[in-house]
Each structure stands twice: as C-alpha cells, then as structure tokens.
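Hello,

Here is the structure I promised to pass on. My notes on it follow below.

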Amino acid sequence: MNEADRETAKRHQAIWEEFHRRPTVSAWTGRLPLPPEVTATAGFVIPVDDAAVSSKLQGIVSRLEATGCVNAFPPDYWHITIVPPVMLTIGDPTPPRLPAGQAGLLPISFIAEALEKGRKVAQSLGPFDVAVRGLNAFRDVLIAVPYDGGRGLELGRLLRSAIPELPERYPDGHEPLPHISLTQYGRGDRLGEMVELIQRERGTDIGCFRAHRLEMFVLSWRNGVPGRVEKNEIPLEGQP
C-alpha cells in the first residue's frame, strides 16, 4: 500500500468511525434536489467489469438487501467515480447558486467537447490494477473501497486540467474519495443489523481487477428524477 492508498484508507476510516458512532443516513426518495433547469449530468468513471469481483460484490449486496435497509444499484452501474459530475441544461447555461468548487450549468454541447478531450487524456494513460477491500457507509450510499495506488485521483486531475469545467467537488462540498457505490438506503431507521454487517465486512478482501477503460456517462434528469443513461467507452491506450 503506497502513500495514496494509505490516505484513502485513513479518510475512509474517519468516515466509518463517525458513522459507527452515529448511524445517520439519507434514504432515497426517488428524486434529487437538483436545480429545475438541470436536464442531464455527465461525468467520468471506471467501470467494475470483472466477473469474479462482481460476483463477490453481488454476494455482499444480497446480504445487505436481506436487512431491509437498502436498495441495490444493478451490477452494470458499479463504478469508481473519477470526477464529480457536471450539470447540464438545454436552456440558457445560467449558473445556479452552487458551493465553491462547483461549475455552473453548462450547455448540452459540452458533452461532445468533453468526450473528445477525455479521449485525448486516455491516450496518455495505460491500464492499472484496482484492489477492492471492505465496505463503508456514506450518508447517501453504501460503498466498497477501491485501492489503485492513486491512479484514479491522478486521472481525475488530468481530466480537470484538460476540461476545466469539470467540478473539483460534489454538490455537497465534499472532495472526491475513491469508492464504488453499491446501494442507496431504503429507510433511515432500524439500521442495527445493517451496521453490524458492514462492520463484519470492513476488512473483506473482495478481489482485484484491471481497469482498462474509462467511461463518460450522460444521465438525463427531469425535475430531479433520473432517466436514461448513455455510456461512452474510452480505452486507456497509453503505457501502464
């Protein structure tokens, strides 16, 4: 484990300790509090497309679902977020009130521009290994923890350098932290069994996979309700 992975582990441990002391979650209501002008979000992710890792994650998710506390994302959703998503509009790209580090609303034309620049960035980077180990609980999602020696964060910095419109932080103000979202929360009470299960799985070695492609996703929204998602594959074509 290098310095980047140690920092990832340290940040996740702090989040877990706070959650374990006071398990508080935000249950998914089917709607995000997005500005009404937002018609799509777009971002860059590394998909989890290894059969063995996905199988082990599915077993863990099935046990979590049995607690009655979570709603699972489908396996083809599982990914490592490389940069927080940007918000797009088909209307006038007038910036809404957003936290520092967040871009305003951008026009739909941003998609083609960002995809072209993302492909150029990927040409300079080769595939890299990701080890997935343990679970953690964020306020709005339950996640698995990936360790990649800092390659994902490096890729995020390169993408933001090439595409300055990409935000540095999430809408809630948090900086990116490597994670794989597995489930949302189905309720905000009677969480004891779920918390105990996460605790047991905190050190579980889930497996390793080779990240060989980037994806740029475009997710449509209407009044805060998610719709269709489009995925654009970008091979990592450089030297490892």
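A residue is called buried under 20% relative accessible area, exposed over 50% and partly exposed in between, with a 1.4 Å probe and protein chains only. This is a predicted model, where local features need pLDDT of at least 70, side-chain atom pairs count only at pLDDT 80 or more, and totals for chains, interfaces and linings use all residues. Numbering starts from 1 along each chain as its sequence is written, and side-chain values use heavy atoms, leaving out hydrogens and water.

Aromatics, to begin with. Phe-73 counts as buried because its relative accessibility is 14%, while Tyr-77, at 32%, is partly exposed. Their rings form a stacked pair, with 4.2 Å centre to centre and 20 degrees between the planes (rings of Phe, Tyr and Trp, the last by its six-membered ring, pair if their centres lie within 6.5 Å; stacked is under 30 degrees, edge-to-face over 60, tilted the rest).

Next, the strands (DSSP runs of E, at least two residues, numbered from the N terminus; helices are H or I, at least four). Strand 10 runs antiparallel to strand 1, joined by 6 bridges (pairing needs at least two DSSP bridges), and Ala-42 has Val-218 of strand 10 as its bridge partner. Strand 10 also pairs with strand 11 (residues 225-235) in the antiparallel sense over 9 bridges. The two form a hairpin with 2 residues between them, and Asn-223 in the turn has a positive phi of about 55 degrees.

Finally, helix 4 has Gly-152, Leu-155, Gly-156 and Leu-159 as its buried residues.

Best wishes
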